Amino acid sequence: MNWNNIATVYLKELKDSLRDRRTLISTIVIPTLVMPLMFFGMGKVMTSVVTKAREDIPTVAVLGGEDSPGVVRQFRESKRMRVVPTPADWKQAISDKRLRVAVQLPEKFEAQLQAGAAPAVKVFYYEGELKSENGARVLERFLGELREQVVAERLAAHGLPKTAARPFEFRRENVAPPEKVGGNLFGGLVPYLIIILCFTGAMYPAMDLTAGEKERGTMETLLCSPVPRVDIVLGKFLMVLTGSLSAMAFMLLSMGVTVAVGGSLMMGGGMGRAAAAGAAAKSAAAPAASGGGVIPMIDPLGVVGVIAMVLPVAVLFAAAAFTISLFAKSYKEAQSYLGPMIILVIMPGVIGMLPGIDLSAKTALIPILNLSLVCKEMLSGVWHWGYIGLIFGSSSLYAAIALWLAVRMFNREDVLFRA
Amino acid sequence: MIEARQLTKTFRDKKRGEIHAAEDVTFRVVPGQIYGLLGANGAGKTTTLRLLATLLRPTRGSATVAGFDVVEHPEKVRAHVGFLAASTALYGRLTAREMIAYFGSLNGMSPAAIRARTEVLSAQLDMGEFLDRRCDKFSTGMKQKTSIARTLVHDPAVMIFDEPTLGLDVMTARSIVRFVRECRDRGKTVIYSTHVMSEVEKLCDTIGIIHQGRLLAEGTLAELRARHGETDMEEIFVKVVGGDPVR
């Protein structure tokens, strides 16, 4: 192994890749744009949709209630809803979004209340439809208030105080530090994005430097040089790794800049909170108050930990993408092999984001999933050194095996001269 | 000097079984000589030359190139060989100067030596006009000149040409043929594969006819003519490989 040779191959590949539009898009452009797009684009759309749904005054159809004019009047007088004439096909109307919700009052509802019975009221809505669910919430709050009113009247009739039916109050209070909240909320998302971008960042240089070269006929030209093949593999591999790590670096950088520039504009919305978490992750800024709440932040040391843990996985991705695309005869064939690989990479990342999936000796050995889980913990400020060591060690071992396979593959004539 | 001794290469194919791409190929090329390897498509020319250039490893037999064994010292062999084939392309995103410099570096040359050599080659091959332009914008002629400069940057003692005129227009092909002659005149050991009979007649000092991986006949043009009683190279070739001569 000669480092001069490796450096020569690497520097040439770097120069070549910097002139390749596809590689630049996958390693610089997309990782840089993904955060602003998520926070400003998707975040804004989500915030606007949710706000619009919450501001929507739901249309309500009252079913029955002819014998309960007092209650029906209360429905009509409420400013939080708009009672409309009941359509004949009211269920279909809810499905078609012509009507948000319907409320069914039982027969002689008022009379039953006066008699001290407990009649059941039904609320009809369309699950999964944001505005209909919001309408159901409005109706339930209204019915809850109506119930409290009846309770108060009954208690008063018996000469009892309000506390007879509500002997004590309770409320919940958060004890988790802001970085823990941030880590739990976004700790899964950041490693997930890093994992995807690390892979796609490795993908295009890997395809270009192997199958692409075979297709263009430059691989044979390169093999004519006196440089040992292991030096060529390592030089090329380092370039693929550079692509993978660049994608991560540009994403983190863009995340910091995105938040620094525009995070404060969006603090009120759900994505704004994510942005704040990102800002905290990058700048280690102190928790800031916004809208009366504390913005969750991610432990900045956790970000350093994430970067360290991503390194062996980036090596694994680079070596795997290199080996697989080396096998292909053409760029197109390499794409057809590596494209489905994204699903294999995403799946463990998604599983790691799910609540309830925790680190254990078993999950610590599953590549990608282990990274996702440990990153979630580190970003929350939790450091399980035993698992961290196990994950770093196992990831490094997988990476070494993948690199060894890449070198072996590069020495196979049937792979290099596959026709 | 090139010396091939019972050079054999067998490939295993799932559908076709064992394929003997080169079988017991034995020949010798001395400095200042052009050895022409003549054969039809799939005869084993490229495999033989790839074995000599150490791109492939022989299944059996051996060869020495510039005094180095192809199996024992493949890197040293490649350091003394210039390999030019229709399949050896240029990096489209590099300029001609960068291409030459890259292969100079891979051959262990210093930046100063590369600069000096680039100037010499650029002048010899008349590359000044396009030296700093990207190769993907080149005409076929420019590409060939750059490829030649790439093979010559380390001034190798042995030149291997694998069908270098394949797909080229007449003028570009002629310039390649002229360049091959110049290599011989400078005392280099040259091996040249082709299936174009006229090129062999014009260019080669010794001709080896290869068919189905085996070297079936060898000699100078005069020797082959005398041995087979034919003056036309095509007729000689057909007689050697066992086809029907056209009368």
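Predicted model: local features only at pLDDT ≥ 70, side-chain atom pairs only at ≥ 80, totals over all residues.
**Figure 1. Strands 1 and 2 of chain B form an antiparallel pair.** Strand 1 of chain B covers residues 2-13, and strand 2 of chain B covers residues 17-29. The two strands are joined by 9 bridges. One residue of the pairing may be followed across the strands: B:Glu3 has B:Arg28, in strand 2 of chain B, as its bridge partner. A hairpin of 3 residues links strand 1 of chain B to strand 2 of chain B.

**Figure 2. Helix 2 of chain A packs against helix 8 of chain A.** Two packed helices are described by the angle between their axes and by the distance between those axes. Here, the axes of helix 2 (residues 21-55) and helix 8 (residues 189-209) of chain A come within 8 Å and cross at roughly 160°. Because angles over 145 degrees count as roughly antiparallel, helix 2 of chain A is roughly antiparallel to helix 8 of chain A. The crossing of these two helices of chain A is right-handed. Residues of helix 2 of chain A in the contact include A:Ile30, A:Pro31, A:Val34 and A:Met35, while those of helix 8 of chain A include A:Leu193, A:Leu197, A:Gly201 and A:Tyr204. Sorted by class, the contact comprises 10 nonpolar, 5 polar and 2 charged residues.

**Figure 3. Chain B is assigned two domains, domain 1 and domain 2.** In the domain assignment, domain 1 of chain B consists of residues 2-80 + 158-241, and domain 2 of chain B consists of residues 92-155. Their C-alpha centres are 26 Å apart. To the contact between them, domain 1 of chain B contributes 10 residues and domain 2 of chain B contributes 10 residues.

Definitions and conventions:
Residues numbered from 1 in each chain as written. Chains lettered and ligands numbered in written order. Heavy atoms only, no water. Pairing = 2+ DSSP bridges. Helix = DSSP H or I, 4+ residues; strand = E, 2+ residues; numbered from the N terminus. Axes fitted to C-alpha atoms, helices over the stretch in contact; angles between N-to-C directions. Parallel < 35°, antiparallel > 145°, perpendicular 65-115°, else oblique. Left-handed = near helix turned anticlockwise from the far one by under 90°. Contact = heavy atoms within 4.5 Å. Nonpolar A, V, L, I, M, F, W, Y, C, P; charged D, E, K, R; others polar. Domains from an automatic or database assignment.
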